[in-house]
Amino acid sequence: MRKYGLLRQLLAAGGRFVLEPAPFAETSDLLVAHHPDYVRRFLAGTLDPGVVRRIGFPWSGQLVRRTLASVGGTLGAARDALDSSFGGNLAGGTHHASREQGSGFCVFNDLAVAILALRRDSRAARAAVVDLDVHQGDGTALIFEHDPAVLTLSLHGRNNFPFRKQRSRIDVDLPDGTGDDEYLAALAAVLPRVFEFRPQVVFYQSGVDALAGDRLGRLALTHQGLIRRDRMVLEACRANGVPVVVTLGGGYADPIERTVEAHANTFLTAASIFAPAPPVPARPDPPRP
């Protein structure tokens, strides 16, 4: 949990970003993607103990507030993206939650909520999810398995959680120890299919748990490899004129500062593409005597 505060401090210190508190998602937003009984029971704290264990967090009022803010942050970032080409949430990417239950530290699926809320509000009819967290986006895949207006792409570890995979539109499973070159080649082979789908918005689940040495990752990307990954996705969105929403996703390195650096690099890469710093004006030559 420490990474969230550390990341915000790091990005705020650089002066490149406008950082705003996330609004709470409304119940009506949650209901576009989740079963009413699950939503009601979570908000009231009456979920069955087995459902709570599957989520992985003990229920509390603080968890409710944090969850609503995480989803609300992605909703806000999606609206920003449609208005200005890019929006980001320093949380979210809770891709293991399905329609009727949470899983893997994910209560509600903020990606699915945002996609379906944009559709409800007539802001975007077609969407794509580019999920590069090391764990398959099984909840997202399940929610949109039969939805022809949403393309889901997941690049993930073959032998990692969830051990029962769901079916994304495009799945690429990678063996333990996959490094930069193999990973980037696999991404380059499938990324064009995302834009052939002609989405009106892309949701980029930018988890950095593929970093070498991540406690839950099993892959072997370097920081530079992750930057190249981010640049490949974000430049493709820019080149195709598709707004992109970046959500944080996973990262569990020890020390946690390695994960914070990787997450920060994602947002700094986005800033270099969507809001490059103005050039420093040249200093005039001194007058001759």
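1. Helices α1 and α5 each supply at least two residues of the lining of the second largest pocket. Helices here are DSSP runs of H or I with at least four residues, strands are E runs of at least two, and both are numbered from the N terminus. On a 1 Å grid over the protein atoms alone, a pocket is an open set of points with protein on both sides within 12 Å along at least five of seven lines, a cavity is a set where a 1.4 Å probe fits but cannot get out, and lining residues have an atom within 4 Å of a point.

2. This is a predicted model, in which local features need pLDDT of at least 70 and side-chain atom pairs count only at pLDDT 80 or more, while totals for chains, interfaces and linings use all residues. Residues are numbered from 1 along each chain as its sequence is written, and side-chain values use heavy atoms, with hydrogens and water left out.

3. The second largest pocket has a volume of about 750 Å³, a volume being the space filled by probe spheres set on grid points that are joined across faces, edges and corners. Of its 37 lining residues, Tyr-4, Phe-57, Gly-104, Phe-105 and Tyr-252 are closest to the centre. Helix α5 gives the most to this lining, with 5 residues.

4. The largest pocket has a volume of about 910 Å³. Its lining has 30 residues, and Val-18, Leu-19, Glu-20, Gly-88 and Leu-90 lie nearest its centre. Helix α5 (61-84) provides the largest share of the lining, 9 residues. Elements that each supply at least two residues are α1, α5, β1 (86-88) and α10.

5. Helix α1 (residues 2-14) packs against helix α10 (residues 256-274) at an angle of about 50 degrees, with the axes 9 Å apart. Axes are lines fitted to C-alpha atoms, for helices over the stretch in contact, and angles run from 0 to 180 degrees between N-to-C directions. The angle makes α1 oblique to α10; angles under 35 degrees count as roughly parallel, over 145 as roughly antiparallel, 65 to 115 as roughly perpendicular and the rest as oblique.

6. Helices α8 (residues 180-196) and α9 (residues 223-239) pack at about 10 degrees, with axes 10 Å apart. They are therefore roughly parallel to each other.

7. The largest cavity has a volume of about 40 Å³. Residues lining this cavity include Val-129, Asp-131 and Ser-168. Strand β3 gives the most to the lining, with 3 residues.
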